[in-house]
Amino acid sequence: MAMSVNGSAPAEVDVVVVGAGFSGLYMLYRLREQGLDAVVFDEASDVGGTWYWNRYPGARCDVPTVDYAFSFDPRLERDWTWSEKYATQPEILAYLQHVADRYDLRRDIRFGTRVSAAAWDEAARRWRLRTGHGDEVTCQYYVMASGCLSLPKTPDIEGVDRYRGEVYLTGRWPHDRVDFSGKRVAVVGTGSSGIQCIPLIAREATRLTVFQRTPNFSVPAHNGPPPADRLARLAADRDGYREAARWSRGGIPMEITDVSGVTAPEDVRRQRFEAAWQAGELFAILGVFNDQGINPVSNELVAEMIREKIRAIVGDADTADALCPKDHPFGTKRPCLDSGYFETFNLPHVRLVDLRRTPIVAITEDGIDTTGESFEVDAIVFATGFDAMTGPLVSVSVSGMDGVTLKDKWEHGPATYLGLMTAGFPNLFMITGPQSPSVLSNMVVSIEQHIDWIADCLRRLREDKIDRIEPTPLAEAGWVRHSQDCADITLYPRANSWYMGANVPGKPRVFLPYIGGVDAYRRACQEVTENGFVGFRLDGPAGSRCNDGVIRRLQPDVAMVLDLMASLELPPMETMSVADARAFIEALAAERPPGPDVGEITDGVLPGPAGDLGYRLYRPPSAGPHPLIAYFHGGGWVLGSQDSDDPFCRDLCARTGAVIVSVNYRHAPEHRFPAAADDAFAAAGWIAANAAALGGIPGPLTVAGWSAGGNLAAVVCQLARDAGGPEIAGQLLLTPVTDADLGRPSYSANGEGFVLTAALMRWFWDHYAREPDRAQPKASPLRGTLAGLPPAVVVTAEFDPLSDEGGAYAEALASAGVPVRHIRARGHVHTSLTMVDAVISGAPVRAEMAEALGSFWPEPVLG
Ligand SMILES: Cc1cc2nc3c(=O)[nH]c(=O)nc-3n(C[C@H](O)[C@H](O)[C@H](O)COP(=O)(O)OP(=O)(O)OC[C@H]3O[C@@H](n4cnc5c(N)ncnc54)[C@H](O)[C@@H]3O)c2cc1C
């Protein structure tokens, strides 16, 4: 039972919640619903969080307010009407005050109280919290609803304390109206807050000087009444609308385009961009093209169209140029929505100072000195942002198991499980913590999702008589890696943004939020609980249990490809006729990105043992001669051609600087074993003999192949060794078939659901080789003699039925004294590494592969 004396802190509760913004209020509501004792602490003197503190002129939300609102109670929605598309701070604060009153939440909130320290007492299984007033409160569960953007970054500029004029921090704005009339004002910082307040301050000030370190992309909000289309959709089907938001990418119902910026015609590009510009919505401008977040070319198209707008709005060419962001891809720093921001610089009393040209030297008693000029001002407004996401969490001295503090644990970057909990800190929950969608989403949707998850979790723990929950190190490491994998396929880590911690000196540079999408994230959280709290250790009086594991192991873009393929409900290839399977592969090939440009591509024929064989040659743009690679395509000896592996061959050529000769060998079932192997060996001999004419460096040849082509490359090396030629410099075996034994563990672990299935592999073998022939080294090179073979690069994919035989071949080669580099492609499937420009996460693996190939050749040729 909570003990509360005269509104002071109770000594013992079930749950302490820190923060009384959107998160703290809803958390308290849900805890009460379950009959739990809870107390909320906030430094502020009232509810509101962000909307309590950020009272600067122009402060508004930048997600449409009808979406940026609670959805947990339809009656609350019915009784509240927003006046604008993007409501102002006073209106959002009034809404949160209304929520607090409506559900009688204030009686359990202690305002003006900072939580300064928290320590886990393992023996008592309690958190012991200390407040700024010196009170100690113990609780079973501790919830940090302390916000992502609640710790303003104070200006770290020399002389700031010396200044005698008025100083304002946008994130800690006074409650009384600030009047800038008749004043010379400086605004330092042009992030979201700066961009919102500058037009309004300019209306009052006699002179406004804007100090800009980094220009930001901003689009006009076109504010006005709440959008009629959204209101109509809500009125027609509120539940459906809110559910669509919960399962959307960003927390707002939105259709995702399939238009690629790279391939769309110019008129379509323009039309889509203009529509997004007119919509005045962040998610619209972030979704002009489906590839703008991952493809620099597509991104630059949007970025340049925004720059064109800036140049068209701002009269002075130099000022316009300084306002145009050029140092980061669009969207990789949080873009802004504005109301007349760029237009403000056309006013005669407003001036922009570009700090990249003339940095601030110091703040003086009277104003600001840059390397170029001194500015006397009556007031300085610092819009210098926040120590985002981790700042509010580590600013409390939180010590978990063995006294380790959160700050120490996160010294090199935060590590969480689902952004909700962190190993070593039992019973501590974070709302919108790092590695959750948080600041990349409509935060109210993310807040509700986190709180619903926690509330549901606490209910289940109580039902199961569990009193301690903690994520495992394995689960946490897996989530951190997955979160990083998601970021790595995007352009986001390229910017020095607060998403990366780059705005705070000394803060580790890691991408903080989860960029995989609100929908994907929600699915992961659901799967964790549905599958018995995967990755959590649960303890109670009756004992402990732990269903340890990693919830997401596939690379995110590989998972997307698999989801897409599953949604097409295609018949399994092994149920098709060979002709249909070939037609299907050709149809797929027509849809994919083409791969990088190379110097030249020509088709030719070479003599095979039973007639001419077609080949395609890829030449780098630089003057030759180049190293020479004979390449054999994949397709289970049944499917494929020079066309099927075209993007991969381009990529291999571009990355290695080698001439690639992709050989089309005879296919089964028309030509069964050993036709393909004989063709491959003959082709290798011909290519080596004609190296100079093909533009290659005469001498040892490199052979390479993917899948069945990897099998042929391995076989060619054995045949060449035994025949005394051609001389082979090295072999690249990409997810190769090396053995006809289909009983290896990877066949059962990865035999279904990862494109190449065990059944399909059996179909390939059945077409290619009679049972008795399969044991021959010419079909199963793993069964041959491996000593004396050329050096090898073997690439295996984690979710591939063939991963064990590829690994076995690498091991056997090494045991036989052959130099081997084994590259393990984490989170990949058999086919994903060759999906150039479609599966972005394959690129680093191909880069590593290309770098390893360089060791086959006498001189480094990598450009
Ligand atoms: C100007 C601005 C505009 C924004 N606009 C949008 C938008 O349009 N859409 C959107 O999705 N998001 C927006 N955000 C993000 C916004 O922070 C979230 O949408 C949301 O308000 C966060 O709610 P919260 O309760 O999680 O955290 P907050 O609102 O930040 O509340 C956290 C509270 O915790 C308190 N606190 C922190 N540490 C302690 C401690 N140790 N002891 C006691 N109290 C503590 C703080 O005083 C604060 O009141 C905006 C943020 C800012 C700054």
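A disulfide is a pair of cysteine sulfur atoms within 2.5 Å. The model is predicted: local features need pLDDT of at least 70, side-chain atom pairs count only at pLDDT 80 or more, and totals for chains, interfaces and linings use all residues. Residues are numbered from 1 along each chain as its sequence is written, and side-chain values use heavy atoms, leaving out hydrogens and water.

View 1. In general, a disulfide is a covalent bond between the sulfur atoms of two cysteines. The closest cysteine sulfur to that of Cys 486 belongs to Cys 525, 13 Å away, which is too far for a bond. For Cys 139, the closest is the sulfur of Cys 457, at 15 Å, again too far. Buried means under 20% relative accessible area, exposed over 50%, and partly exposed in between (1.4 Å probe, protein chains only). Cys 486 is buried at 3%. Cys 139 is buried too, at 0%.

**View 2. An open, parallel sheet of 5 strands.** Helices (H or I, at least four residues) and strands (E, at least two) are DSSP runs, numbered from the N terminus. Two strands pair if DSSP finds at least two bridges between them. The strand order is β7-β16-β8-β9-β12. β7 (166-169) and β12 (350-354) are the edge strands, each with a single partner, so one side of each has no neighbour in the sheet. From one strand to the next, the twist averages 20°. Angles run from 0 to 180 degrees between N-to-C directions, and axes are lines fitted to C-alpha atoms, for helices over the stretch in contact. β7 pairs with β16 (residues 379-382) over 4 bridges. Glu 166 stands opposite Ala 379 in β16. Helix α5 (residues 192-204) lies across β8 (184-188), β9 (207-212), β12 and β16. α5 runs at about 160° to β9.

**View 3. An open, antiparallel sheet of 3 strands.** The order is β13-β14-β15. β13 (360-363) and β15 (374-376) stand at the edges with a single partner each, so one side of each lacks a neighbour in the sheet. The twist averages 20° from one strand to the next. β14 (residues 367-370) is joined to β15 by 3 bridges. Asp 369 has Ser 374, in β15, as its bridge partner.

**View 4. Helices α20 and α27 cross.** In general, two packed helices are described by the angle between their axes and the distance between the axes. The axes of α20 (residues 646-656) and α27 (residues 843-853) come within 9 Å and cross at roughly 55°. That makes α20 oblique to α27. (Angles under 35 degrees count as roughly parallel, over 145 as roughly antiparallel, 65 to 115 as roughly perpendicular and the rest as oblique.) Contact means heavy atoms within 4.5 Å. Among the residues that meet are Phe 648, Leu 652 and Arg 655 in α20, and Arg 846, Met 849 and Leu 853 in α27.

**View 5. Helix α25, largely enclosed.** In α25 (residues 758-768), 8 of the 11 residues are buried, so the rest of the structure largely encloses this helix. Trp 763, Phe 764 and Trp 765 are among them. The buried residues pack against α19 (578-591), α21 (675-689), α23 (708-723) and α24 (745-749).

**View 6. Asn 299 in helix α10.** α10 spans residues 296-313. Asn 299 is buried, with a relative accessible area of 3%. Not counting residues up to four places away in sequence, Asn 299 touches Gln 292, Pro 329, Phe 330 and Leu 491.
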